[in-house]
Amino acid sequence: MLLENCVKIKIGGLTWMIKINPKILKKQLYENTNFILLFSGKFISQMGDVVYNMAIGWYVLSITKSALAMSVYMAIGTVIYVLVGPIGGVIADRLDRKQLLIWMDIIRGIVVALIGVLMYFGVQYIWIFYIASAILSICGAIFVPASNAIIPVIVSDEYLNKANSMNSVIQSITSIVGLVSGGVLYSLIGISGIFVFNAVSYIGSGILEAFINISAMTNKYISFEKNKKHVCRELVEGYNYIKSQKGFYILMWFASIVNFVLVPINAVFVPYIFNQILKTNTRNYSYVGTANAIGVLIGGFIMSILPQKHKVNKTLKVGMVSFSILSFLIFISMFMYTVGIIKPGFLITSLIIIFTLFGLSSSLVNIPLFTLMQKMIANEMLGRVTALFTTLSMIAMPLGMMIGGVVADVFPMRMLLLASSLLVIFLTFVLYIQKDIQNL
């Protein structure tokens, strides 16, 4: 006999009971208190993250004057996230997701605050940043799949695309405000103050998430044999689940390769251009990040008002063609600057325009992709699948950062940008001839 408002699902010989309040699912997004609390909390913590990430990257590059040193710092956090991500997905499927969100934010807030206090009293060593990066990555690897897996429980299928679009919009707004204010805050309160600012944002996010009405929806699953399963077996189960979805599985690895090619441009080459070639300040650099966020915001708004009727592969093609053109335009702009055709101000303006379009293209690809995943994957598997998809699509990013840091210190920047754009063009061609992705 089924429990009240429960759905019974059998997977791999196990019986799962998922309790969902149908009234919650039918609510419009603006009427859904749980949804508003979740994304308000994410808005606050993401604001702190944007300011923090910009300030730390700039600080490391400024004191070391090496793209490699900066990329090593960024790669550490990414490597740890990749390693912990799958386990974080299992945890998100086993434990109360609301409590996970609260405690991951609180832990991050306390740790970052402590490091900020140490730095205020003069304890400023690079290894402190490494510790902070590691802890934030571990907590993030649990927070992300838990927050993603909650969404389809509190939001009905008809509003999923709008919910994901709103998530993209929130990320864009935080990036815009955070990047614009980040440069100012960095000059006013210094790197130690940035740590304290980020800590307050995490704790504030955790407080908001504590008010999510857990009685209105249940995100803990009742399994008659679940406790007997080992974490590794659950990881394998999640991986096999993705592998059984052939087109989605290939798309996951394709995303990993695309990230490998694009991440050096965004995370290494552009900061290096501003810091070491143009030798400008954080304000000019923040304009490019802000432009990218504005593009994401525009793309998120477009996706929120358009019905999701077409297949994902069509938006992927549009996105990859856009990435190809924009990557090549970055090379053209840098080439014209190095040969003296354009001035620094014109190069900065060009990068601002290009990265606005980059952000828009990213939204047109990422939002339908996450909506597809939330619709395809059973909710009791969604934490693991989300974590595995995110982890495997990111798995090449640390390598891309490291290679980008090494080559940026050795080869001319325009040569690196040309090679990157040609690789993106080649991947776009591969996407057009890959048959399994065409059915998504």
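Colleague: At what angle do the axes of α8 and helix α14 (residues 413-433) cross?

Modeller: Two packed helices are described by the angle between their axes and the distance between the axes. Here α8 and α14 cross at roughly 160°, and their axes come within 11 Å. That makes α8 roughly antiparallel to α14 (over 145 degrees; under 35 is roughly parallel, 65 to 115 roughly perpendicular, the rest oblique). The axes are lines fitted to C-alpha atoms, for helices over the stretch in contact, with angles from 0 to 180 degrees between N-to-C directions. Helices are DSSP runs (H or I, at least four residues), as are strands (E, at least two), numbered from the N terminus.

This is a predicted model: local features need pLDDT of at least 70, side-chain atom pairs count only at pLDDT 80 or more, and totals for chains, interfaces and linings use all residues. Residues are numbered from 1 along each chain as its sequence is written, and side-chain values use heavy atoms, without hydrogens and water.

Colleague: Is the crossing of α8 and α14 left-handed or right-handed?

Modeller: Left-handed: the near helix is turned anticlockwise from the far one by less than a right angle, while clockwise would be right-handed.

Colleague: Which residues of α8 and α14 meet?

Modeller: Contact means heavy atoms within 4.5 Å. Phe 254, Ile 257 and Val 258 are among those from α8, and Met 413, Leu 416 and Ser 420 are among those from α14. The contact has 17 nonpolar residues, one polar and no charged (nonpolar: Ala, Val, Leu, Ile, Met, Phe, Trp, Tyr, Cys and Pro; charged: Asp, Glu, Lys and Arg; polar: the others, Gly among them).

Colleague: How does α8 pack with α9?

Modeller: Helix α8 (residues 246-277) packs against α9 (residues 282-305) at about 155°, with axes 9 Å apart. That makes the two roughly antiparallel. The crossing is right-handed. Val 270, Pro 271 and Phe 274 in α8 meet Asn 284, Tyr 285 and Val 288 in α9. Five of these residues are nonpolar, one is polar and none is charged.

Colleague: Where does α3 bend?

Modeller: A bend is the angle between axes fitted to the seven residues ending at a residue and the seven starting there. Helix α3 bends by about 45° at Gly 85, and Pro 86 follows within four residues.
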